[in-house]
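The sequence and structure come first.

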Amino acid sequence: MSRSVDPVRAAFRAECVRLTEILAEVDDVDLDRPTPCPPWTVRELLAHVRTGAGRLADVLAAPAPPRAEVDAARYFGAAKFTPQVDADRIAGGRRDALQVHREALATGFERAWRAADAAVAVAPPDRVVRTRHGDAMLLTEFLRTRVVEVGVHGLDLAAALDRPPWLTPRAAAVIADLLTAGRPAPAALGWDRLALIRKTTGRAALTAQERAAIDAASFRWLAFGR
């Protein structure tokens, strides 16, 4: 892969390795906990993340579209969050979770992301893929969306499991850059990357002082579904 893909691939690998380590420590009681992504349990959210990570191998196995039409930011547009798409996403996670036990969730996730990583490693640097939603994207850009999938849902899983967030620095850099289009957050906010990601994705509430600083700086970020 080209140098432009390498940091994103490294972020994907780092975040998947960390989640694989976490999965080795959870038990069946943990898997039945509710998550901040209702109505999913930990088990169901993990099944969703496993499927999302594995999509890289699926899209690379299909014919390449002639050209890219959507980047990572546009991928997260309103069409991905309609009631029907949301319902299908929720049902898919719940359905997949019913098919596997705890050990299979852990091994299945590792198998899925490693197969995806191996497929990315041998793909041409300018490879274009078509997502299940029909988007034609550069592989680099679709890989960014997978980092978001594993990393941001990792925050949800950490909250559900009463663990400190385990978001890796490499994944945090990729996600923060996507959310802000590479712009730094206003210094008055005092946010590190983890705080930025939690605040801008709704995982943590904005304070009145933060809202004032955001308005004063006209600071804007990518809002999923807009």
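Tyr75 and Phe142 are both buried, where buried means under 20% relative accessible area, exposed over 50% and partly exposed in between (1.4 Å probe, protein chains only). The model is predicted: local features need pLDDT of at least 70, side-chain atom pairs count only at pLDDT 80 or more, and totals for chains, interfaces and linings use all residues. Residues are numbered from 1 along each chain as its sequence is written, and side-chain values use heavy atoms, with hydrogens and water left out.

Rings of Phe, Tyr and Trp (its six-membered ring) pair if their centres lie within 6.5 Å; planes under 30 degrees apart count as stacked, over 60 as edge-to-face and the rest as tilted. The count by this rule is 4 aromatic pairs. Two of them are listed here.

| Pair | Centre to centre | Between the planes | Class |
|---|---|---|---|
| Tyr75 and Phe142 | 6.1 Å | 75 degrees | edge-to-face |
| Phe219 and Trp221 | 5.6 Å | 55 degrees | tilted |

Phe219 counts as buried because its relative accessibility is 5%, while Trp221, at 24%, counts as partly exposed. Ring pairs also join Tyr75, Phe76, Phe142 and Phe224 into a cluster.

Helices (H or I, at least four residues) and strands (E, at least two) are DSSP runs, numbered from the N terminus. In helix H9 (residues 193-200), the buried residues are Leu196, Ile197, Lys199 and Thr200. Their cover includes helix H7 (139-160), helix H8 (169-180) and helix H10 (208-217). After H9 comes Gly202, with a positive phi near 80 degrees.

Key: Contact = heavy atoms within 4.5 Å.
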